[in-house]
Amino acid sequence: MSATDLDADSAVAERYRELAAAARGLVEGEHDRIANAANISALVYHGLPDVNWVGFYFFDGRELVVGPFQGQPACVRIGLDRGVCGAAARTRRTQRIADVHAVADHIACDPASRSELVVPLVHNDILLGVFDLDSPEPDRFGPADQAGLEAIAAIYVASVTAPRA
């Protein structure tokens, strides 16, 4: 790894530290899942380069249903047996896809999307939904993006599952 790669990784990590701090500030004292999802979607959408969709899908007990997001209109319902969001929900593992066109069951809500990262939202082994990001750039999301977005997703989950005072 070159010094340039290390500098780039450091800059990405710093961007995510700043986004996480801002996300904590936005959700502090607020426990509403819609309000917090809306603010986090907007924060991340405007805080990251080269993304064309950032948002939440909530699990209703059968399928994922679109929640707050930023970007083009989205698919409203996604079965757990379909697409990258369904895979993240079903496996409860982050899906980082370099080329969505290589995924046989990819659901193309926005034909401009080329790569995707989906973080499952889980609390006490209960699936709440997923946090989904798309990019028009192939291979847009690397390991540092995954770590940063998983941290932001954890902030969201903690905000909506924290005991109320």
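# Questions on a predicted model

Q: At 52% relative accessibility, does Asp139 count as buried or exposed?
A: This is a predicted model in which local features need pLDDT of at least 70 and side-chain atom pairs count only at pLDDT 80 or more, while totals for chains, interfaces and linings use all residues. Residues are numbered from 1 along each chain as its sequence is written, and side-chain values use heavy atoms, with hydrogens and water left out. Buried means under 20% relative accessible area, exposed over 50%, and partly exposed in between (1.4 Å probe, protein chains only). Asp139 has 52% relative accessibility, and therefore counts as exposed.

Q: In which loop is the place of Asp139?
A: Asp139 is not a glycine, yet has a positive phi of about 55 degrees. Most residues other than glycine have a negative phi. Helices (H or I, at least four residues) and strands (E, at least two) are DSSP runs, numbered from the N terminus. In these terms, Asp139 is placed in the loop between strand 6 and helix 4.

Q: Which residue in the turn between strand 5 and strand 6 has a positive phi?
A: Strand 5 and strand 6 form a hairpin with 2 residues between them. The residue in question lies in the loop between these strands and, at 63% relative accessibility, counts as exposed.

Q: How many bridges join strand 5 to strand 6?
A: Two strands pair if DSSP finds at least two bridges between them. Strand 5 and strand 6 run antiparallel; Leu117 has Leu133 as its bridge partner in strand 6, and Val122 has Leu127. The number of bridges between the two strands is 9.

Q: Which residue in strand 5 is the bridge partner of Gln95?
A: Strand 4 (residues 95-97) pairs with strand 5 in the antiparallel sense, over 3 bridges. Within strand 5, the partner of Gln95 is Val118.

Q: How many of the residues of strand 6 are buried?
A: Strand 5 (residues 115-123) is mostly covered, with 7 of its 9 residues buried. Strand 6 is mostly covered too, and the buried share of its 10 residues is 8.

Q: In strand 6, which residue is the bridge partner of Phe56?
A: Strand 6 also pairs with strand 1, in the antiparallel sense and over 6 bridges. The partner of Phe56 in strand 6 is Phe131.

Q: Which residue in the turn between strand 1 and strand 2 has a positive phi?
A: Strand 1 and strand 2 (residues 63-71) run antiparallel and are joined by 6 bridges, with Tyr57 opposite Val66. The two strands form a hairpin with 3 residues between them. In the turn, a positive phi of about 100 degrees belongs to Gly61.

Q: What is the volume of the largest cavity?
A: On a 1 Å grid over the protein atoms alone, a cavity is a set of points where a 1.4 Å probe fits but cannot get out, and lining residues have an atom within 4 Å of a point. Grid points are joined across faces, edges and corners, and a volume is the space filled by probe spheres set on the points. By this rule there is 1 cavity of 30 Å³ or more. The volume of the largest cavity is about 150 Å³.

Q: Which element gives the most to the lining of the largest cavity?
A: The lining has 17 residues, and the closest to the centre of the cavity are Ile107, Cys109, Glu116, Asp132 and Asp134. Strand 1 (53-59), helix 3 (83-91) and strand 6 (126-135) are the elements that give two or more residues to this lining. With 3 residues, the element that gives the most is helix 3.

Note on methods. 1 Å grid on protein atoms, 1.4 Å probe; cavity = no way out; pocket = protein on both sides within 12 Å on 5 of 7 lines; lining within 4 Å.
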